[in-house]
Amino acid sequence: MYKWITALRQIKFGVFHKFSTFPRSRTKFYIIFVVQKPPTPEGLQIFHINNSPLGLGALKKMKIAVVGATGLVGTEILKVLAERNFPVSEIIPVASEKSIGKQVEFKGKQFTVVGYEDAIKMKPAVAIFSAGGSSSLALAPLFAEAGIPVIDNSSAWRMDPTKKLIVPEVNANTITAEDKIIANPNCSTIQMVVVMKPLHDKYKIKRVVVSTYQSVTGTGKAAVDQLFAERAGDDSVAKVYPHKIDLNVLPHIDVFLDNGYTKEEMKMVNETKKIMGDDSIAVTATTVRIPTVGGHSEAVNIEFENDFDLDEVRRLLSETEGVIVQDDPKNFVYPMPITSHGKDEVFVGRIRRDESQANTLNLWVVADNLRKGAATNAVQIAEYMLKANLL
Ligand SMILES: NC(=O)c1ccc[n+]([C@@H]2O[C@H](COP(=O)([O-])OP(=O)(O)OC[C@H]3O[C@@H](n4cnc5c(N)ncnc54)[C@H](OP(=O)(O)O)[C@@H]3O)[C@@H](O)[C@H]2O)c1
């Protein structure tokens, strides 16, 4: 009778790594050596390409124009391109006239801000825009006509029926070679639909009631300056909001419309239906600005056509790409702007049944609006296009 040894856990490159035995008397020991061949540089490269979100596109290197490169979102786009190792040969930063000649940094190298005409002449493979709605309406068609695909962060093109509104986890597969201007949704909508999608597929959403708690970074650089100036007791800084924002809460984001809602609220209603490809989903929103900087938070109440199991909801969400479940309230674990800051994922917690109504769920959803709400989503669209051979 032989006693077998499970001896070898791992041998890498011919080096003995870890080893354990259970010696007994009259026992014969067999040690099985499995020696892995060291990977060749070519083998390693193929491994990296196969495992890259860019597939074979990782082999290309390309010029990328970032229009609005000096702004809050533009700065984050540069960071995200670097962190995700997007294959960039050259950054072409574009901003308003007052910034031409300034330097922006990408991977330790300085690039000079140019005007849009020079940027078009330099023929970038793609232009990622975050320069506001009116700049986008004026400039995006000029890039598109020159054959340069545009991924735009402003609201200019989102509800144009001829333009796609894309959140990669939900509908990237609808992008085709004909799409020359692709819209990035509103930040508060992006984080909500990433969480809604797997739940809609499983239980069919009837209605969503959402209240947001949005960071001042959503309004741009000038708003962050207003918050910190107020906090420092300096009243001389230009006001972006009609009221004080520090130590305050404003039930008002973007302009008021004739129906009493704000434009931000109606963006959440209309963009959600367009991205999900389902006009039957009823959405009502109250969007609120609060004096935080790390990200947007949302209390989301979802009524489904079918009943659900809470454990299954947690499992579905934790298996969803780009979603992290943080739901252990007894240990004070739940998503917060301060912990989502600088992260690419959407965080969800406080997962519980709405006990006042059948088939209804309450969630708390947080994401960094400058990341998944803007820069990361735009770069993920570019990654998808590269992988699909559209760049
Ligand atoms: N902040 C967010 O959470 C968020 C989320 C989603 C989408 N967005 C959208 O992204 C866009 C930018 O937002 P932000 O927060 O980054 O604003 P921001 O900090 O004010 O930056 C605006 C950028 O646009 C540039 N710009 C302005 N006019 C231009 C022109 N005519 N030509 C070229 N560049 C021009 C500015 O250049 P200068 O420095 O030269 O002025 C700056 O680089 C907006 O459309 C916003 O709605 C923002």
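## Overview

Of the 391 residues in the chain, 40% count as buried; here, buried means 20 or more other C-beta atoms within 10 Å of a residue's own, exposed means 12 or fewer, and partly exposed lies in between, with C-beta atoms placed from the backbone. This is a predicted model, in which local features need pLDDT of at least 70 and side-chain atom pairs count only at pLDDT 80 or more, while totals for chains, interfaces and linings use all residues. Residues are numbered from 1 along each chain as its sequence is written.

The secondary structure comes to 11 helices and 16 strands, where helices (H or I, at least four residues) and strands (E, at least two) are DSSP runs numbered from the N terminus. Among contacts with a separation of 6 or more, 66% join residues 24 or more positions apart; a contact needs C-beta atoms, placed from the backbone, within 7 Å.

## Around the ligand

The ligand is surrounded by 29 residues, the closest being Gly68, Gly71, Ser99, Ser154 and Gly220.

By type, the shell divides into 10 nonpolar, 17 polar and two charged residues. Ala, Val, Leu, Ile, Met, Phe, Trp, Tyr, Cys and Pro count as nonpolar, Asp, Glu, Lys and Arg as charged, and the others, Gly among them, as polar. The ligand lies between domain 2 (55–185 + 375–387) and domain 3 (188–368), because both give residues to the shell; the domain bounds come from an automatic or database domain assignment.

Helix 6 (residues 187–203) has 17 residues and reaches 25 Å from its first C-alpha to its last, close to the expected 24 Å at 1.5 Å a residue. That expected span is 1.5 Å times one less than the number of residues. Since 14 of its 17 residues are buried, helix 6 is largely enclosed by the rest of the structure.

Where does the kink of about 35 degrees lie in helix 6? Look at methionine 196, shortly before proline 198; the bend at a residue is the angle between axes fitted to the seven residues ending there and the seven starting there. Just after helix 6, lysine 204 takes a positive phi of about 60 degrees.

Beyond its neighbours within four places in sequence, valine 269 is in contact with Val283 and Ala285.

Just after helix 8, glycine 277 takes a positive phi of about 65 degrees. Serine 280 is found in the loop between helix 8 and strand 12 (282–286) and counts as exposed, with 11 C-beta neighbours inside 10 Å. Serine 280 and lysine 206 are 74 residues apart in sequence, yet 7.2 Å apart in space, C-alpha to C-alpha.

How values were computed
Near = placed C-beta within 6 Å. Contact = placed C-beta atoms within 7 Å.
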